Amino acid sequence: MSALLALQSSPLPDWAAVAPALILALTGLLLLAIDSINPTSSNSPVLAGISTAGSLFAFAVAGWFLIEGTGQAATGGEISLYGDALVVDGMSLFFTLIFTIVAAMVSIASMDYLSKQRYQGEFYALVLFAATGMVLMSMSNSLATAFVSLELASLPSYALVGFLKDNKGSIEAALKYFLIGALSSAVFAFGISLVYAATGSLLFPDVARALSGGTGMTGVLGMGMLMILGGFAFKTASVPFHFWAPEAYEGAPAPVSAFLSSASKAAGFAVAFRVFIEAFPITQLPAGVDWVLAFQILAVVTMTLGNFAAATQENVKRMLAYSSIGHAGYALIGLAALSANGPNANVLGASMAHLLVYGFMNTGAFLFIALVEHWGVGRTFEDYNGLGAKAPMASVAMSVFMFSLAGLPPFGGFFSKYVLFYSAIEAGFWWLAAVGAINSALSLFYYSRVVKALWIEDDTSSLELGSKPVGLYTAILFAAVGTLLLLPAFRPVIETAQTVAAALF
Amino acid sequence: MAGIFDFVPAIVLLPFVSFLVALAVGNRLPKGGAFAGIVATAGSFLLSVATFFTVSGGQTYNQTIYTWANGLDGAVTLTFGLLIDPLSAMMLVIVTLIATLVHVFSLGYMNDEGETGLPRYYAGLGLFTASMLGFVVADNLLMAFMFFELVGLCSYLLIGFWFREPGPPSAAKKAFLVTRFGDYFFLVGVVAVFATFGTAAFAGSESFPHLAEQALHGEHSVNTFGFEPRTWFTIVGLLVLGGVVGKSAQFPLHTWLPDAMEGPTPVSALIHAATMVAAGVYLVARMYGFYALSPTSLSIIALIGGFTALFAATMGVVKREIKQVLAYSTISQYGYMMLGLGGGGYIAATFHLMTHAFFKALLFLGAGSVIIAMHHNENMWEMGGLKDKMPVTYYTFLSGSLALAGIVPFAGFWSKDEVLYETLVHGLGGSPILLVAYAMGLLAVFFTGFYTFRMVLLTFHGEPRSQTARDPHGVHWNVKGPLVVLGILAATAGLVNMTPVAELTGLEIEFLHQWLGHGIEGLTSHHYVELLESQAGYHAAEIGPIVPGLVSLALALAGAGLAYFLYNDAEPTEHTDKLGGAKTVLYNNYYQDEYQVWLANSLVQPFSRGADKFDQGVVDGVVNGVSSVSLLSGNRVRRIQSGVVSNYAVLLTLGLTALILGFGLLGGWF
Amino acid sequence: MLIEGLIAVAFVAALVVFVSPNEYAGRLAAALSLLPIVGSLYMWSQFDATGNALLGGSIAFETDFVWLTLGGLDVHWFVGLDGISMPLVVLTTILTTLAIVSAWTPIDTRQSQFYGLMLFMEANLLGVFTALDFFVWFVFWEAVLVPMYFLVGIWGGPRRKYAAIKFFVYTNIASLAMFIGFIALVFGLGDSVSSMRLPEIAMALRGGELGGFAGLDAGALKLAAFVAMFIGFGVKVPIVPLHTWLPDAHVEAPTPASVMLAGVLLKMGTYALLRFNFTMMPDVAQALVVPIALIAVISVIYGAVLALAQQDLKRIVAYSSVSSMGYVILGLIAYTTYGVGGATFQMVAHGLISGLMFMAVGVIYNTTHTRMVGDMSGIADRMPVTSGIFVAGAFGYMGLPLMAGFAGEFFIFQGAFASTVHAAMPLFTAAAMFGIVIVAGYLLLAMQRTLFGPFRFDGEYEVTEAAFHDVAPLAVLLLLVIVLGVAPDLFFQMIQQAVNPILQTGGGL
Amino acid sequence: MVPPQYYLLLSAAVFCIGLFGILTRRNALLFLMSVELMLNAANINLVAFSYVWGNVTGQTFGLFTMAIAAAEVAVGLGIILVLYRDFGDVDVTKVTTMRW
Amino acid sequence: MTTKPELNLGSHLVPGLAAVALFAVMAAVFLTASFPEPQGFANDASVVASIGYAMFDLDFGGISSESFLVAFEIIDIVLVAALVGAVMLARREPGTTTVKLVSDGGRRLRETLSKAENGETEDES
């Protein structure tokens, strides 16, 4: 199986396909090394720069692979590594793009956000390790790898959430995130053990193969499946494993919130997609373990709960946290609208595309919160009143994020959300789209509250904003431009997503 | 050939140009644009006269001149065109003549009195005249409707001319609104005509009256919406009649007209004599070939006319203001015209339309002259004795009054008499319903005589009853001139059609009969008579015109005599007080205004407010309710997030358990 | 590429104005907005399309290339004009400029943002009327909401926040309903369509290619989709009972935004109804003729009755818009040349007239700072020119002949009365026509109480005649209204050409 | 030979005991310990079914689970430490500054 | 501080019923499932060695296994990350004070600061 790049005169070895993960991990180690050489220095720009550069490099490599067709049908199909425990294909590369670009934005934004903090080296290293874990999650082809890489993504995240050690909110967030996370990983592990009990293997293809012959342990398998689903639900902040999310996102340093709600969520979806499609293919499932139904329930409940709870928040960051739950619900449509003979690749691809766009707009939104926190403005809607006049550029960007999240044009979120609904309808699940539509309309209400505060409400405070932090501004504007451009340039995104999704089935 | 007909559009356009001129640069013109108006209307008048003579030479003109909306693929094409036949040619002359005179009179009434806003005034007059002329020459029902509406607009603008006072804007609103109510039916009628015939042309083989006639003969099939053709034509005719009732102030839509006296008096003259109010009757005459197909329509027209004539005349008896008396007389006289049309007297009605135009314009202008003299006090009880102070006004006014009362040989006698005669003849000839209308019309003659002379006597005779009456304001040539012209016409116009005389002498002096008897085929009075006989079943009884004429003359004289008896004192008393409760009823116009105001204020207003409450409360309430419920449930949902991590674990466990249990049950795991 | 140029010019103008200083923004925006006018007029002069763009007619200024592929269906960048959209494009460009000029006086804060948003909205509106691919159309359709939200929310009246969010969410829900309905329909067409291009979909639907989808058979799917889309577009129109966002939005919106809202945004709803429901599914529309005609009649009468009860001048005009748009629905359901063509014509006519009315109310408001009928009287004494135009506009609204409103309404009445889609259509028409009486009632009453009578004004502002640049847009609109009223064929010819193909399965001409 | 059910029941029991601890104890450290118990419940299955299926995949994975558990404990303890510093308590139910 | 564990039955145990319920469901599922005959390991095979080989993706083990090489590598980073995180969290900061969460939008903080500026004393409870 040679995933040789057609244009390469000297083909890269197969293992090079994991280069994005390697780059991220090595950058993390490099940062640790720098930090240990000079532990007292907190030279923000250098550390942030390295972290950003590493992420962007990984992004570039992944993008290059994707364009060249590495791991895709055109060049010989997916690349399996390490005894099939890892697999590099279009989907994993696609998700890698999300993780790395979010990591890059978060890194560059953290430069200003953390400028007065200690342990900056550790911070960036943890971000990169978590990103590594996410990349590996998307490449996992075995429940074991999935579990381990999920932990690799989670453990640094716990530490990152609690990064502001002397901030009670940060610690509370970290505690809740950790406790629910630990519980969820226990559930996940138990689920894996049950699936192993039912099939005798952990590799996705083997599990699928074992299932195709039928099993007497439907109940055990089903329970394992639901518990694995629980593990992913935790990662994606889906009901009923979502309880950590509002607090973790609210209490965490805003860049970390951005990272978690965009990249970490996407990672959860990446591995969930692969597990459920590769290991438990709909067409080969024994009767009585119809996980599609579970995802339908989860999708409806998650998007409804997230949006309804978000509607009445006073705190913008917490509102975004709930909205993030709501968006998890939308993305779940990708699994909920599958059917035996349906246009599954389109549905899944739409979900992936939504996650990519979401990566930009949601990261941008949280980074705007970071900017506001950096200025020392409060977190409630009232505190945002009149910011549009004081910081027009950033406020325009925030408005872009809000409208995009709400699914309004001319922003990327418009297309990604409607294509998602479109695919759901295409698959015949018009009622899923209808539920999504109701939620979407409600979400417009609370997203526009932010916009209203920024532009419409009169400024009541006399607070002077400080400097305009370069890193935060760069990241926010980058995200805004990305969000904007993803509308006209949606074609490569959706077509790539649907093509690589097709390879899974 | 560049005949006179090529200039017919100019008849309409000249006043329109004067409208534009007055509007645009009226401020900079001497007399606020009055001269532009006078020149324009006089020009129109001359052209009309020329047209009149051309038509009398036997020529007619029926030409489409502008395509308003060109229907593709077989859809109806909507056009503007000119239809010049004897009827419209006559009307053109009347309208332009009176418009010219009103313009001249306005110099005295408005300019000399130092009114402001004159450009607006003259612009309004110009547009009014133009609209009416456009209506007169219209060759199809749609065009007629459009100018009909423009006439309504102009009446609004002119009645409300003194907008800074509270009364005129209200009266203007009422005038437009009430006539709009009638026009609603008219518009439905127009649409129905298009839907039925695919055309709304008045004349020609493709005209809708002709098509209707053919449809009744079964020679042509039209869409009658499931009705019998004659029934449907009756419905359509009555719909159009709605507009007529509104504009011609027939019962029950007459209430706007007395209020319209709030406008400047020359405008009243224009409105009541030649333009707006006349438009309704003219419209019926214009499409008489259609109405003649339906005896039901004709009867209704006759009954409305007869009733209105009597009804309005009784109200005129008790009024104090000179213009109010004239207002009710207008309503009453148009009732006669309707009676004539409904009674099969097409020529008679047209005749009355013409004579009435002259004498009513005269009376209004005369009243205007009196009002100038009285410093805009219109109460007759404060006048008296003006006869000697303003002889020209008095004698011309008297001429008009005699015409109005129907005293031989003044114009009104001949025309009114013929109206009544025709009705009687057809009523006796087998349409007994017309006799009822006739009786009412006949009775109204008495009242007409009474109130007319009551007005004359109170105004001009006796002793002056107020300071201003003792020392009235003088009037100039620009007032007297029009009065004299009209005074002569009021006295003599009836001579063109002295049917009783013709009957007596056997002379061929019924010029109007001859005039209306020629012209475009299908629009002649001869054709109408045929239609009336063959379609409406109207047959003329064999009665001479002399006896009925004498009867009505006697009644008019009786009324006048009674007035003379009661009011020819130096210091007349308010005899109407003796009527007691009846006076109150009459003075309040049979509470017609009250019930219409009640309809508006106590029915429509509360209804609309109720609808508003419903809208705000229920329709919008549902919208806001959905939003409130959503937010409330959002508030409930977020309470799940209690902040206690142990609770989260519980909920998580419960959720997972429920999921497993549910799937287990569904999937049969147990 | 003319259409792209037109839209791009508006976008670029919006950007330029956004970054321009507040002092010059109004002038600059007005100057820049002349470019789209020139463009649209040029296009009008070069217009050569015949037939309906969706039904195989030739399309003017067409551009068509694949944008992206969604689940086997291509999304094209596909724009072009036919006789239905051309008049609306002209209307949009002209009204935008006039609205911008009318904003010079009332808008005194954050001007560059205001004018930028106006131009941004124009660009999107042009997109709505020119797009011929569903997704392209939908992008513009939704994008219009954004500037309107800000325009109402920032520069609006006291309850602007409530009104803005209500408008925003309400119309968005409607769009979503419509989206689901339409997409389900497209998938019901199966392989008979290969793209989201509206002509392709329309032809397939009319060709009877619809199959069952998602558990619904073809008939049920069509009906469900029709209803969903009717409701979705109906909110925008708005039809009773989905209208309650409109009065709030209008009352709170600043004058120029009201002008655009009433003048163009509402027409998006009827335009879409015509393009989608009535063009693509004439059979369903005709099957539902009774409910639709009833909705039309109720909208007309109910809207007018509500207007009668209002004290706020803007609210009066707002409710009367509901009433007027009811006529459009009536015309559409008639399926006759005059009905559908008249409805299209009425979109333009009502756009101009309602714009005129809102502007006139706005000019008075600029001076008096109140719009309540009871707060003033005799304004005509101090503001004769404005009042004069107000009166003229009001009569235009009442359907005075030789003004555009009459043409539109008469065409509709004529078309609807003669319609053969249902035996009761004449009755429905006659009932709806009664609106012309009520409209006269409330407008005359309002004018009598505010403009006429002895001058009385309790406020502390001095009431004087408005500035030239306030009155000029009114005069221009009035002129246009009269021109269109005298010569409706300016637009009605091309409208008929575009409309007649729709009717071929309908009730005839 | 012990039937596989028994192992499953055992592991389920261990899992639920751990869960019970999580649900009822308020002490963060006990919470942590309970999670360990739950992870070990998974290990019971893994080892047991490793024998059933005749491969060591399960057993090997069990080792990884333990390693992960250790790592989790490390991070968890770090968090609990800071928690104690900031809140002066390790009662998880008292940490409720953020809710709703 | 932790206290000596003691058996304290009370309402705080009620949530535990959820765990009991879960157990009941699990037990019901497990007891009704049918299992294949255990294959067992070959007698001569070394389980420990096989595990070792499995971890390094070497094919020498007597008992088959899937490869865990990549998991092993990942665990490496996991441990590094956990260590870094734990150390970072656990290190005691010299001379820092705890800041309360600014969940009220920082208003109270600002008020406190502004009052302090005005020389007022804040009565911290």
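The numbered points below go through chains, interfaces, core and backbone details in turn.

1. Conventions. The model is a predicted one, in which local features need pLDDT of at least 70 and side-chain atom pairs count only at pLDDT 80 or more, whereas totals for chains, interfaces and linings use all residues. Residues are numbered from 1 along each chain as its sequence is written, while chains are lettered from A and ligands numbered from 1 in the order in which they are written.

2. Chain B as a whole. The secondary structure of chain B comes to 28 helices and 2 strands, where helices (H or I, at least four residues) and strands (E, at least two) are DSSP runs numbered from the N terminus. Its C-alpha trace spans about 120 × 70 × 55 Å along the principal axes. Of the 670 residues of chain B, 63% count as buried; a residue is buried if 20 or more other C-beta atoms lie within 10 Å of its own, exposed if 12 or fewer, and partly exposed in between, with C-beta atoms placed from the backbone. Among the contacts in chain B with a separation of 6 or more, 81% are between residues 24 or more positions apart, a contact being two residues whose C-beta atoms, placed from the backbone, lie within 7 Å.

3. The interface of chains A and E. Here 45 residues of chain A are in contact with 36 residues of chain E. On the side of chain A that touches chain E, at least two residues each come from α1 (19–37), α4 (120–139), α5 (143–161), α6 (168–199) and α8 (218–236), and the largest share, 10 residues, is that of α5(A). This side of chain A divides into 22 nonpolar, 16 polar and 7 charged residues, where Ala, Val, Leu, Ile, Met, Phe, Trp, Tyr, Cys and Pro count as nonpolar, Asp, Glu, Lys and Arg as charged, and the others, Gly among them, as polar.

4. The interface of chains B and A. In this pair, 23 residues of chain B are in contact with 25 residues of chain A. Both α27 (592–639) and α28 (645–667) of chain B supply at least two residues each to the side that touches chain A, and α28(B) gives the most, with 12 residues. That side of chain B is made up of 13 nonpolar, 9 polar and 1 charged residues.

5. Pairs without contact. Chain C and chain D do not touch, their nearest C-alpha atoms being 24 Å apart. Likewise, no contact joins chain C and chain E, whose closest C-alpha atoms lie 23 Å apart.

6. The annotated spans of chain D. An unreviewed UniProt entry carries the annotation "transmembrane region" for residues 6–23, 30–54 and 60–84 of chain D; positions are given in the numbering used here, feature names are shortened, and annotations may be inferred rather than shown by experiment. In the model, residues 30–54 of chain D are 96% helix and 0% strand, with end C-alpha atoms 36 Å apart. Residues 60–84 of chain D are 100% helix and 0% strand, and the end C-alpha atoms of this span lie 36 Å apart.

7. The nonpolar core. The largest such core (a set of buried Ala, Val, Leu, Ile, Met, Phe, Trp, Tyr and Cys residues joined through C-beta atoms within 7 Å) has 823 residues, and those with the most contacts inside it are A:Leu367, B:Ile98, B:Ala361, C:Ile180 and C:Ile333. The element that gives the most to this core is α6(A), with 21 residues. Leaving aside residues up to four places away in sequence, B:Ile98 touches B:Leu270, B:Ala273, B:Ala274, B:Ala357 and B:Ala361.

8. Backbone points to inspect. Most residues other than glycine have a negative phi, and most peptide bonds are trans. A cis peptide bond joins B:Phe251 and B:Pro252, with omega about 5 degrees, and B:Pro252 is placed in the loop between α8 (229–247) and α9 (256–259) of chain B. The bond from C:Val240 to C:Pro241 is also cis, with omega near 5 degrees. C:His369, which is not a glycine, has a positive phi of about 60 degrees and counts as exposed, with 11 C-beta neighbours inside 10 Å. C:Leu402 has a positive phi near 70 degrees, but this residue is buried, with 23 other C-beta atoms within 10 Å.
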